[in-house]
Structures are given as C-alpha cells and as structure tokens.
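Please keep the sequence and the 3D view at hand while reading.

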Amino acid sequence: MDILVTGGAGFIGSNYVLQVVASGCYGRVVVIDSLSYAANVASLAPVAGAIEFVEGSTADAALVDRLVAGVDVVVNFAAESHNDNSLNDPRPFLESNIIGVWNLLEAVRRHGKRIHHVSTDEVFGDLQLDDPGRFTEGTAYRPSSPYSATKAGADHLVRAWARSFGVRATISNCSNNYGPRQHVEKFIPRQITNILLGEKPKIYGTGKNVRDWIHVEDHNRALEAIVERGRVGETYLIGAECEVDNVTIVRALLRIMGKPEDWFEFVSDRPGHDLRYAIDPGKIVTELGWGPEFQDLQAGLEATVAWYSDNEQWWAAAKTAAEKVYAVIGR
Ligand code: NAD
Ligand code: DAU
C-alpha cells in the first residue's frame, strides 16, 4: 500500500512516519508538510532515505491532486493544532483545517482513493469534573475554540463526502498526546523545557483542568490498526483512560526533574478553557483489538523528560520563538 502522510513533519505525523517505515508494511511513503513554525524536518532525519518528502500545503489543490493520484491511501495529520494560537489568529486554522481537508476530499473523490482523517476529542467540547460520562462515537459536537471548531467542521466535511459522494473515509478522535518531538508550545514540553532552563512551569487558571493523556506511539498504533483493519465509513475514538489534572502533571514533572513540587506559578487562564476531556475507547478496543502499551504515565513522563534533556538542539530555537508568543499574550 502506497501512503500519503500529510503534516508528517509535525509531532504526531513524524512519529507516525517513523513507525510505518519501521513496520516495513507499506510501499511508497510520501510526506507533505508546509513546514510551518510547528514542523521540524529533523524529526524525519532517521527515515530521510526511505520517504519522499514534499514541501507544500494541503491548501494547494493542484499539488494535493497530483500527490493523491499516486498513492492508495491518505492519512491526514496536517492542521494548525494549538488552541492558544487559534484565539489570536484563526485564519491559518481555516486554511489548513478546512480548505486543506476540502482539497484532500475532492482529490480522493476524483481518484477513488481512501482517506483516514486524524481528528481530536475537542470537537465534543468539555465535560464537568464530576460528570461520570465520557466521550463516545455518539457524543454530539460542541466545540469551544476556533481550533476545535475548524476540526469539527473538517469532520463534518469528511462525513458529507462519504455520504454524498461515496468517498471511502474513516475518522479518529484522539485525546491529548505526549511523547518525543512535540512542539514546545504544548503543555508538557513547555513545562519540561522551562524547568531545564531554570524557569518555573506556568499553569493556566486553577490548574484543575483535566486531560486524558495518551502516548503518541499508542495513538499511532491505533491509527495503523484503523488504516489496516478499520471499517470504511466508521469513526473510532482513541484514548488510554488516563485522566489527570494539570497541577498533578506539573508536580510529577518537578519530582522527576529533582525540583520542589510547588515550584510553579499560576498564570492567566486561556479564554474559553475546556475543563475536562475523557474518552471511552471501548469501540476500538473491542472491534480492532487495540490497546495502549504505555500504561504507566510516570514511566512515559520520565522517558519524555529524558528525550527533551537529550535533544536541546531539536527544541532550542522553537522555545525562544514560542516564549515570545506567550510573552505577548501574557501567559
Ligand atoms: P503539529 O502542530 O505538531 O503538526 C502539524 C503539522 O502539520 C506541522 O508539521 C505543520 O507544518 C503541518 N501543516 C499545518 N498545516 C498544513 C498544511 N495546510 N499543509 C501541509 N502541512 C501542514 O500537530 P500534532 O499535534 O502533530 O497534530 C497532528 C494532528 O493530530 C492534527 O490534525 C491535530 O488536530 C490532531 N490531534 C492532535 C492531538 C494532540 O494531542 N497533539 C490529539 C488529537 C488529535
Ligand atoms: O485533546 C486533544 C487536543 O490536545 C489536540 O486536539 C490539540 O491539538 C492539542 O494541542 C491538545 O489541546 P490542549 O489545548 O488540551 O493542549 P495544550 O498542550 O495546549 O494544553 C493542555 C492543558 O494544559 C490545557 O488545560 C491548558 C493547559 N496549559 C497549557 C500550556 C501550554 C497550561 O496550564 N499551561 C501552559 O503553559
């Protein structure tokens, strides 16, 4: 199977490319990435000889058409992915997350190819802390931020192209990923790199917000299962049943890194900040036999701390740029 991976120089996409190349199960692995601020081509260096890398945007319909024509399946990671940025300037989110997906759908429709669309649990909005419920494939959409609204819109486009034009599509909605090669604007790498640089971790609002953490390699193993065995037309929710609040994560990082557990500061809250996400992964577990291999968050965080400690050259420039952005918005 020849595969086109969009957004393959970003966090989850690059880990996915490393994983599928290592699996040896695919033919051509073509990667398109616009090399936005969030990309890092160094992430793909270990497989540079095994992939075809194209610098370009999914918003470029002609380029997308040409690349889709040459493969069997598209896995779409390409997106603007950071909520804080979407609150400052939503335009790139519409361009990548809506126009880009529209172009991919039109191309797979024209050429009769399959697409897997990588989406997020944020399309469902948030849950109260004491709500016994979790998100399922049947949960209604209720996105809160410009980012999640564009991801919700993209999911609706995929379903519309599947129903109206018979496009062979699957969708997955995953919870918060952590692991190596995540951009330092995101919560866990921001705090790890702050601590490494002698800066206190910064917690938004009360820090009681809960995220349902999954290691990026577990997310990508779930995506491989969907691409290989998933039923066309279906949606699968992916999560590792690991709900933890933000203060608890920061305390764990501080312990791992040998600092006092209360060595952090609260900063102003994110407008519209979702309180809690929680995934019920029952469908993908039962139907595709997937399950997370990283069951121990403490061990996963220790490995992630070790990766950022060992790879400062990977993140140093992005850290300076990201903290300039945070300084402007006061967080
Ligand atoms: P990321 O920001 O690290 O990477 C996104 C990549 O896409 C970057 O390399 C960027 O340059 C590229 N890109 C952006 N717009 C593009 C375009 N128009 N054309 C080509 N490339 C483009 O994001 P991530 O965390 O790796 O997320 C990847 C996907 O997974 C996104 O669709 C996101 O919504 C989804 N997702 C992320 C998480 C998470 O916790 N990070 C959880 C669930 C779903
Ligand atoms: O749930 C899946 C989503 O997870 C993905 O769709 C998004 O692409 C991904 O960015 C992530 O969204 P979040 O907004 O949950 O992730 P972020 O890393 O920005 O923040 C995680 C939590 O930590 C959130 O409650 C906000 C908080 N936070 C974040 C930063 C950057 C802080 O308290 N301090 C910080 O410095």
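In this predicted model, the side chain of asparagine 246 places an N or O atom 2.9 Å from an oxygen atom of ligand 2.

**Ligand 2**
- Asparagine 83 has a polar side-chain atom 2.9 Å from an oxygen atom of ligand 2.
- For histidine 273, the distance from a polar side-chain atom to an oxygen atom of ligand 2 is 2.7 Å.
- There are 25 residues around ligand 2, and those that come nearest are Thr120, Asp121, Tyr147, Arg270 and His273.

**The second largest pocket**
- The space in the second largest pocket amounts to about 180 Å³.
- Its lining includes Tyr37, His82, His183, Glu185 and Tyr326.
- At least two lining residues come from each of helix H3 (83-88) and helix H11 (312-329).
- Helix H11 contributes the most to this lining, with 6 residues.
- Sorted by class, the lining residues of this pocket are 7 nonpolar, 3 polar and 2 charged.

**Cysteines**
- The whole structure was searched for disulfides, and 0 were found.
- Cysteine 174 takes part in no disulfide, as the nearest cysteine sulfur, belonging to cysteine 242, is 12 Å away, whereas a disulfide requires two cysteine sulfur atoms within 2.5 Å.
- Cysteine 174 has a relative accessibility of 3% and therefore counts as buried, the limit being under 20%.
- Cysteine 25 is exposed because its relative accessible area is 52%, and exposed means over 50%.

Methods:
Residues numbered from 1 in each chain as written. Chains lettered and ligands numbered in written order. Predicted model: local features only at pLDDT ≥ 70, side-chain atom pairs only at ≥ 80, totals over all residues. Heavy atoms only, no water. 1 Å grid on protein atoms, 1.4 Å probe; cavity = no way out; pocket = protein on both sides within 12 Å on 5 of 7 lines; lining within 4 Å. Points joined across faces, edges and corners; volume = space filled by probe spheres on them. Helix = DSSP H or I, 4+ residues; strand = E, 2+ residues; numbered from the N terminus. Nonpolar A, V, L, I, M, F, W, Y, C, P; charged D, E, K, R; others polar. Buried < 20%, exposed > 50% of the residue type's maximum accessible area, 1.4 Å probe, protein only. Near = heavy atom within 4 Å. Polar contact = N/O pair within 3.5 Å; in protein donor to acceptor, adjacent residues only side chain to side chain.
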